[in-house]
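Work through the exercises below with the sequence and the model side by side. Try each task before reading its solution.

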Amino acid sequence: MTMKKYLRNEKGSMSIVALFTLAAVIIGSVFLFYFFTAFVEKRQAQNIADAAALAAAQVLRDKFEEAMKNKTEETLNRFLNATLPSEYDKLSEDPKPEFEDFRKKFIDANIRSEELKQKLLSETYRNDEDWPLVVKEPFFQSEYDAQQNGDILYQAFVQNGPAIGDAARTAIELNHGKPTGIITFPDEGKPKLLVEAARTVRIDNIGLEKDISTVAAAGVSSKEFDIDVGSKTPRSIRW
């Protein structure tokens, strides 16, 4: 074969192009496979943290509401069975008005919330459902400012750490996450939990094993009243 014919022979060059094209397709496929795997695993890891944060926040919210219900029940009991009778006893009128008449006038004069007032006058107040009315009532505001509400929420976290941690750990296990994690409260001085969780990624065909860590936050604030935990030192639960 002459040099001129050799240079014109395209069979070899086509084989090289095909080889490079095949190599590019293989490399691209591998890259896409690992990119997609990493994306899916990252999303799954985030789902684990989200689920754990929501589960922990729900337990904290329940414990906080339970504590608030206990406090509002004590507040109303003191108002109706101590403050009101005491004010009645101070009356110098002779004869005194009927206690029931005085009770109605006292409630009407001191309770500003019409909804709470009517429930107390008609004796239809139910603490399990109506407790936020007491928290928002101006007459009781000295007992339920944002900082005092924050104190109750913070104590609920401290006192119920095991239950809060169990809820988060269970959510992580159900979503196949690592059996370790951290919950911190408050987060950034706000009434919310920060959960750190992880998921182990294993790709057997290349022997890859790596932990993907994620974080998620869930709030325990209220739309009906203020909660201030800005001055609280963050506490953590680890497992």
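The exercises move from the whole chain to single residues, and the model they use is a predicted one.

**Exercise 1. The overall plan**

Task: State how many helices and strands the chain has, and give their order along the sequence.

Solution: 
- Start with the count. The chain holds 7 helices and 4 strands.
- Next, read along the sequence. The pattern is α-α-α-α-α-α-α-β-β-β-β.
- Now turn to burial. Of the 239 residues in the chain, 36% are buried.
- Then take the surface. The chain exposes about 14800 Å², and carbon and sulfur atoms supply 54% of that area.
- End with contacts. Of those between residues at least 6 apart in sequence, 66% join residues at least 24 apart.

**Exercise 2. A covered helix**

Task: Find which residues of helix 5 are buried.

Solution: 
- Locate the element. Helix 5 spans 127–136.
- Judge its cover. Helix 5 is mostly covered, with 7 of its 10 residues buried.
- Name them. The buried residues are Asn 127, Asp 130, Trp 131, Pro 132, Leu 133, Val 134 and Val 135.

**Exercise 3. A negative patch**

Task: Identify which residues gather in a patch of negative charge on the surface, and which helices supply at least two residues each.

Solution: 
- List the members. They are Glu 73, Glu 74, Asp 128 and Glu 129.
- Assign the helices. Helix 2 (11–89) and helix 5 each supply at least two residues of the patch.
- Check one member. Glu 74 lies in helix 2.
- Test its accessibility. Glu 74 counts as exposed because its relative accessibility is 52%, and the cut-off for exposed is over 50%.

**Exercise 4. Salt bridges**

Solution: 
- Begin with the total. The structure holds 13 salt bridges.
- Take Arg 78 and Glu 143. Their closest N and O atoms are 2.7 Å apart. This pair links distant parts of the chain, 65 residues apart. Arg 78 is in helix 2, while Glu 143 is in the loop between helix 5 and helix 6 (146–159). Arg 78 counts as partly exposed, at 37% relative accessibility.
- Take Lys 117 and Glu 114. Their side chains meet at 3.4 Å, N to O. Both residues lie in helix 4, 3 residues apart, about one turn of the helix. An α-helix has 3.6 residues a turn, so residues three or four places apart point the same way. Lys 117 is buried, with a relative accessible area of 7%. Glu 114 counts as partly exposed at 47%.
- Take Glu 87 and Lys 90. This salt bridge also has an N to O distance of 3.4 Å. Glu 87 counts as partly exposed at 30% relative accessibility, and Lys 90 counts as exposed at 59%.

**Exercise 5. A proline in a loop**

Task: Decide whether Pro 191 is buried or exposed, and list its contacts.

Solution: 
- Pro 191 is in the loop between strand 1 (182–185) and strand 2 (192–203).
- Apply the cut-off. Pro 191 is buried because its relative accessible area is 15%, and buried means under 20%.
- Set aside neighbours within four places in sequence. Pro 191 is then in contact with Leu 153, Phe 185, Gly 219, Val 220, Ser 221, Ile 227 and Val 229.
- Follow one contact. Pro 191 and Leu 153 are 38 residues apart along the chain, and 8.1 Å separates their C-alpha atoms.

Definitions and conventions. Residues are numbered from 1 along each chain as its sequence is written. This is a predicted model: local features need pLDDT of at least 70, side-chain atom pairs count only at pLDDT 80 or more; totals for chains, interfaces and linings use all residues. Side-chain values use heavy atoms; hydrogens and water are left out. Patches are made of residues with over 30% relative accessible area and no salt bridge: like charges are joined within 9 Å, nonpolar side chains (Val, Leu, Ile, Met, Phe, Trp, Tyr) within 5 Å. Accessible areas come from the Shrake-Rupley method with a 1.4 Å probe; for residues, only the protein chains shown count as cover. A salt bridge is a side-chain nitrogen of Lys or Arg within 4 Å of a carboxyl oxygen of Asp or Glu. Lys and Arg count as positive and Asp and Glu as negative; His and the chain ends are not counted. The place of a charge is taken as NZ of Lys, CZ of Arg, CG of Asp or CD of Glu. Buried means under 20% relative accessible area, exposed over 50%, partly exposed in between (1.4 Å probe, protein chains only). Contact means heavy atoms within 4.5 Å.
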